[in-house]
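Me: Please put the sequence and the model side by side, and let us then work through the strands by question and answer.

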Number of protein chains: 2
Amino acid sequence: MNAVIDLLKSHRSIRKFTDQPISDELLQTLVEAGQAAATSNHVQAYAIVRVVDRANREQLVTLSGGQPYVASCAEFLVFCADMKRAFRAAERAGAEVVTGMTEQLLVATTDAALIAQNLVVAAESEGLGICYIGGLRNNPAEVSELLKLPAHVYPVFGVCLGYPAQNPEVKPRLPLASILKQDYYDDSQDEAQIAEFDAAMEAYYQQRTGNKKITNWSEQLRPMFSQKLRPHMKDFLFSKGFEMK
Amino acid sequence: MNAVIDLLKSHRSIRKFTDQPISDELLQTLVEAGQAAATSNHVQAYAIVRVVDRANREQLVTLSGGQPYVASCAEFLVFCADMKRAFRAAERAGAEVVTGMTEQLLVATTDAALIAQNLVVAAESEGLGICYIGGLRNNPAEVSELLKLPAHVYPVFGVCLGYPAQNPEVKPRLPLASILKQDYYDDSQDEAQIAEFDAAMEAYYQQRTGNKKITNWSEQLRPMFSQKLRPHMKDFLFSKGFEMK
């Protein structure tokens, strides 16, 4: 165990921030640290839109389902999956580019997640707090219009960054045996592991400092998967040239 | 700038490893550090298959397009997007689960990337080298069969881990201005930025220690996007219950 691993294991989402700004120099350093992450075949299929405009920030609060920290954080970054730049580069080299492949969606989505997580680790190493905002996918077409995202670019998630004004507990994770398998996917212990984690989460929700409640992991997931989750995503992605061919 | 950011910025893929094994204790620590990454709505939509069996490792060399370090690394981990466990949990809580949504594919793919990148940073902080293996998606059905992956689980990529037996240069990244936009996606400088990066990569490929060549970024991308990239992925994902509805 070392200080980096301690840092990683101390992550929790921060949703209340002080007024302290993040210097341009630090923000640039964080993005460069993000860029150093691995990227599929060196494609670097991502772009980051830093939203400074106050009115746009307020719009994004609404578009992400009413999350006020999207406006109150020091910096709000929208991580986009971006095939546009790579397509253009290949065209410059003489390619007749084939767009809309499912694989391209996977490459760009993964690339955006890798740069984001590296940037997040860098931010937390500097004492910043962060919160991922998947809620941007509630209204991805409106977000895209606001940020003038072109074809072959889509917003995967946002990240709030700022100096923390709260100190919440670290949230438990599934038992290691539940996610780490040896040689093949053995699910024979699934029921026992889910029950064990439900009990752990029930205890956590009752004991934590803020927003105590009586529930567990399975209960929390029930509404999410009882509905067609963000059913607009297929048509939205298609409209941006991610046609999942 | 601090030691964590220095570590992040020193990343490069390692493809030659010493024979030194990774202790079970360290591997467990790395996976736990991975698990501490953010996860969409606490779903933890991932599983990791640690491939120990030698014959399976050799099989995976072939299935990933002939990458020998898949066998020669100390540990090879297959990162899977896993909705199965979360669906089962929601069912236990009484949900009639709606599967196959495009959004679920995005959530699980992103979650798998976030845990992987945290694990990779933890590994590099312990002096290990790593290499992502997207080549598993060359033959995802065969990989899934080998690892007995059930429905609603798919292999996103692998990661080789081991103590480095080489010390390659850090590969350049796109100019910051190319990937960081303010308030909206301004692509007016795209051509100049791609040209700038092509020149930087041409210099890099001629100056680096091993495998010198005359090419640039755009040239390297040309063959990748001149073809239907992994055209089997749509049908494969559909077959695993990721129907992209």
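Me: How many residues of strand E2 (residues 75-82) of chain A are buried?
Reply: This is a predicted model, in which local features need pLDDT of at least 70, side-chain atom pairs count only at pLDDT 80 or more, and totals for chains, interfaces and linings use all residues. Residues are numbered from 1 along each chain as its sequence is written, while chains are lettered from A and ligands numbered from 1 in the order in which they are written. Strands are DSSP runs of at least two residues, numbered from the N terminus, and a residue is buried if 20 or more other C-beta atoms, placed from the backbone, lie within 10 Å of its own. A:Glu75, A:Leu77, A:Phe79 and A:Ala81 point one way and A:Phe76, A:Val78, A:Cys80 and A:Asp82 the other way, all of them buried, and the count for E2(A) is eight of eight.

Me: Which residue of E2(A) is the bridge partner of A:Ile48?
Reply: Two strands pair if DSSP finds at least two bridges between them, and six bridges join strand E1 (residues 46-51) of chain A to E2(A), the two running antiparallel. Within that pairing, the partner of A:Ile48 is A:Phe79.

Me: Which residue of E4(A) stands opposite A:Val78?
Reply: E2(A) is also joined to E4(A), antiparallel, by eight bridges. Opposite A:Val78 stands A:Gly158.

Me: Which residue of E4(A) stands opposite A:Tyr132?
Reply: Strand E3 (residues 129-133) of chain A has five of its five residues buried, with A:Ile130 and A:Tyr132 on one side and A:Gly129, A:Cys131 and A:Ile133 on the other. Five bridges join E3(A) to strand E4 (residues 153-162) of chain A in an antiparallel arrangement, and there A:Tyr132 faces A:Val159.

Notes:
A residue is buried if 20 or more other C-beta atoms lie within 10 Å of its own, exposed if 12 or fewer, and partly exposed in between; C-beta atoms are placed from the backbone. Helices (H or I, at least four residues) and strands (E, at least two) are DSSP runs, numbered from the N terminus.
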